[in-house]
Amino acid sequence: MIQIVKHKGQIDQIFLDKIIAKIKQFGEEVLISDSESSVYENKPQKTSEKIKLIISLGGDGTILRASEIAFQSLAPILAVNLG
């Protein structure tokens, strides 16, 4: 599972859809959350759904939110700073 943490207002939906489609080509599920969401709201529902990678799309605050999630899941972060 790949988790995308995005800034609520900075991401164009077409851009996001392209990223999701590319990830799904590799057979991965995608979990999307806003940078303003609680870290605990973004946990996978099943314990078998381990986050393999976190993609952060936004500014510094979004990267900080992604790092909180990464700390819990031990997943690496791919950060794209759009701020």
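Me: Let's start with α2. Which residues are exposed on the other side of this helix?

Reply: D60, L64 and F71 are exposed there. Exposed means over 50% relative accessible area, buried means under 20%, and partly exposed is in between (1.4 Å probe, protein chains only). Before we go on: this is a predicted model, where local features need pLDDT of at least 70 and side-chain atom pairs count only at 80 or more, while totals for chains, interfaces and linings use all residues. Residues are numbered from 1 along each chain as its sequence is written, and side-chain values use heavy atoms, with hydrogens and water left out.

Me: Which residues of α2 are buried, then?

Reply: T62, A66, I69, A70 and S73. Looking down the axis of α2, these buried residues fall within an arc of 105°, so they line one face of the helix. The arc is taken from the directions from the helix axis to the C-beta atoms.

Me: What do the buried residues of α2 pack against?

Reply: Contact here means heavy atoms within 4.5 Å. By that rule, the buried residues of α2 pack against β1, β2, β3 and β4.

Me: How do I read the length of a helix?

Reply: Take 1.5 Å times one less than its number of residues, and that's the expected span. α2 has 14 residues and reaches 20 Å from its first C-alpha to its last, close to the expected 20 Å. For α1 (residues 13-25), the 13 residues should span 18 Å, and the end C-alpha atoms are 18 Å apart, which agrees.

Me: Which residues of α1 are buried, and what do they pack against?

Reply: L16, I19, I20 and I23 are the buried ones. Down the axis of α1, its buried residues stay within an arc of 95°, so they line one face. They pack against β1 (2-6), β2 (30-34) and β3 (53-58). The face of α1 turned away from that buried side carries the exposed residues I14, K18 and Q25.

Me: How are those elements arranged along the chain?

Reply: Helices (H or I, at least four residues) and strands (E, at least two) are DSSP runs, numbered from the N terminus. This chain has 2 helices and 4 strands, in the order β-α-β-β-α-β from the N terminus on. Buried residues make up 37% of its 83 residues. Among contacts between residues at least 6 apart in sequence, 65% join residues at least 24 apart.

Me: What about I51: buried or exposed?

Reply: I51 lies in the loop between β2 and β3, and at 6% relative accessibility it counts as buried. The C-alpha atoms of I51 and I2 are separated by 5.7 Å, though these residues are 49 apart along the chain.

Me: And what should I make of a positive phi?

Reply: Most residues other than glycine have a negative phi. L74, in the loop between α2 (60-73) and β4, has a positive phi near 60° without being a glycine. At 74% relative accessibility, L74 counts as exposed. Just after α1, G27 also takes a positive phi, about 80°.

Me: Last one. Where does L78 sit, and how accessible is it?

Reply: L78 is in strand β4 (residues 77-81). At 46% relative accessibility, L78 counts as partly exposed.
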